[in-house]
Amino acid sequence: MAEARTFQLSMSPHFGSPQSTRRVMYDVVIALLPALAGAVWLFGFGGALLPVLLSVAAAVAAEFVCLRLMGRSTSAALDGSAIVTGILLAYNVPPGVPWWLPVLGSVFAIVVGKQAFGGLGSNLVNPALLGRAFLMASFPVLMTAGWSAPFEWRNPSAGFGTSGMPAAQVSTLPEADAVTGATPLRAWKDSFAMDDHEGAAVRENLSTPGTYMNLLTGRRGGCIGETSIVLLLLGALYLFVRKVLEWRIPLAYLGAVALFGWILGGPGFLEGDALFSVLTGGAVLGGFFMATDMVTSPVTRRGRIIFGIGAGLITIIIRRWGGYPEGCSYSILLMNLATPLIDRFTRPRMLGEVRKHA
Amino acid sequence: MSLWKDFSNGFYTENPIFRITLGMCPFLALSTSMENAVGMGAAATFVLIWSNVAISALRNVIPDKIRIPCYIVFIATFVSLVDMVMAAYAPALHKSLGIYIPLIVVNCIILGRAEAFANKNTVLSSLLDGIGMGIGFTLAMALMATIREILGSGSWYGFNILGQAYANQPILIAILPPGAFVLMGFVLAAFAVIDRRKERAA
């Protein structure tokens with residue numbers, strides 16, 4: 001790309017970079033496509049492809065209308081950022097929800113989460129996550145019960161087995177009739193409400209190599225885009241190679257989820273399951289594709305590590321003690337709000353600047 | 001004409017909610033349904049009118065240095081009246097307004113009008129100002145409650161208007177606190193747009 005690095009005869013900055021908003025955004029779209037393929041494989045066209053397409057269409061349309069109303073250039077509606085928001089929002093809803101839910105979420109994400117704050121670059125929090133928070137507050141039943149089991153679209157009798165895994169994939173449990181959760185995290189959370197013996201049996205069943213394999217390949221209940229871990233990682237690798245993704249936030253986030261999941265996530269101190277914590281819920285999707293949003297995450301290197309660790313800690317706290325089984329989206333939203341503060345405290349010293357004594 | 005101005009000021013040009021943005025706490029908390037909004041509007045209007053009248057009647061007697069405590073005494077008296085009357089005759093409404101009835105004592109609109117208006121004007125002007133501001137506050141409450149109740153419960157004044165299918169799955173956030181802030185932002189933005197149109201036309 002040497003020829004793309006041009007010198008400009010103009011005001012600074014003088015070094016041009018081939019990286020433009022459009023290129024970055026379309027790279028992210030490309031990186032999210034493998035997970036879409038995985039979602040279609042798991043949840044079918046009606047369960048995965050349709051919500052994503054509707055959500056993207058709604059996001060772009062909302063962006064266009066907003067820009068038009070504000071008298072700005074409407075070409076920005078196609079810079080890819082609205083498409084990314086639309087895809088991420090749809091990835092964050094359960095596959096069994098009615099078609100209008102992702103549409104409504106996308107419109108809210110764009111209108112309130114992004115354009116009301118001044119458009120791309122001015123939004124305080126990740127618009128897609130704000131859209132999800134809006135849906136969670138407005139339609140708690142649909143957002144926490146609208147699950148459909150993997151492969152249910154091809155085999156309607158598949159249904160859920162125990163612990164949020166497809167029925168055929170799970171080895172039978174003793175006293176299994178007590179354990180029905182639509183997602184593994186729900187099963188994990190519910191296990192704390194059972195008596196010690198039963199709960200321990202549920203958690204033990206969730207901490208097996210078989211479960212890890214199911215989680216890795218997406219054979220479990222979950223939101224549209226969060227379950228295909230391998231394909232998400234493939235997309236993240238592409239972004240990394242294209243230098244769009246910076247490694248600090250995802251690594252700090254997933255590391256913190258694993259660490260605190262082990263320390264705090266279980267029934268007692270140091271009794272959690274690190275691998276399970278990372279592989280369930282939306283940790284991988286959130287860590288690579290939502291926490292890393294360039295607008296709403298810190299710019300400094302130290303800040304990014306603090307951001308990732310903070311989000312990881314909050315995720316585990318919500319999972320263990322919060323009202324919802326999964327805390328990934330709220331943890332990132334909270335850290336988004338803390339981002340200006342983190343940037344301020346981690347501002348690098350200027351060359352020659354002397355540390356002030358307090 | 002000046003008396004008419006005193007009266008109508010609170011409707012739009014100096015609407016306590018949308019213009020002076022006072023009294024946000026009861027406004028955001030109780031605009032969840034028309035019933036709450038009208039109940040709160042009526043209670044606040046009553047207190048506003050009589051505290052305005054009492055304070056302006058005694059404006060030359062109240063020592064300047066301790067005027068705020070004096071206002072509070074008047075306001076608290078009328079609030080106690082409202083509280084007891086409502087508890088006796090409208091216990092259901094009293095229960096649903098809850099803590100916000102006693103909190104009228106520290107309502108910024110009432111204290112604000114006492115300090116900014118009743119303290120300096122005649123009893124008649126203050127009476128009209130109190131009525132006008134009370135109506136303005138109630139109208140603002142009703143506007144917000146209309147938006148929030150229809151979106152958040154699919155009903156208006158308790159009557160289902162958007163159908164049962166909607167009422168089973170409304171946009172619940174509209175009657176939750178975050179929805180109040182978001183919708184307030186949109187309403188204020190709408191007022192700003194109207195104003196700008198007016199300015200351009202003028």
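Predicted model: local features only at pLDDT ≥ 70, side-chain atom pairs only at ≥ 80, totals over all residues.
Trainee: Which helix of chain A gives the most to the side of domain 1 that touches domain 2?

Mentor: The contact takes 26 residues from domain 1 of chain A and 16 residues from domain 2 of chain A. On the domain 1 side, helix 1 (21-69), helix 2 (81-91) and helix 4 (127-138) of chain A each supply at least two residues. The top contributor, with 8 residues, is helix 1 of chain A.

Trainee: How many charged residues does that side of domain 1 of chain A have?

Mentor: Sort the side that touches domain 2 of chain A by class: there are 20 nonpolar and 5 polar residues. What's left is the charged class, and its count is 1.

Trainee: Over in chain B, are helix 6 and helix 7 roughly parallel or antiparallel?

Mentor: Their axes, for residues 108-118 and residues 123-153 of chain B, come within 11 Å and cross at roughly 150°. Angles over 145 degrees get the antiparallel label. Therefore helix 6 of chain B and helix 7 of chain B are roughly antiparallel.

Trainee: How many nonpolar residues are in the contact of those two helices of chain B?

Mentor: Helix 6 of chain B brings residues including B:Ile109 and B:Phe117, while helix 7 of chain B brings B:Met133 and B:Phe137, among others. By class, the contact has 2 polar and 2 charged residues, and the nonpolar count is 5.

Conventions
Residues numbered from 1 in each chain as written. Chains lettered and ligands numbered in written order. Contact = placed C-beta atoms within 7 Å. Helix = DSSP H or I, 4+ residues; strand = E, 2+ residues; numbered from the N terminus. Nonpolar A, V, L, I, M, F, W, Y, C, P; charged D, E, K, R; others polar. Axes fitted to C-alpha atoms, helices over the stretch in contact; angles between N-to-C directions. Parallel < 35°, antiparallel > 145°, perpendicular 65-115°, else oblique.
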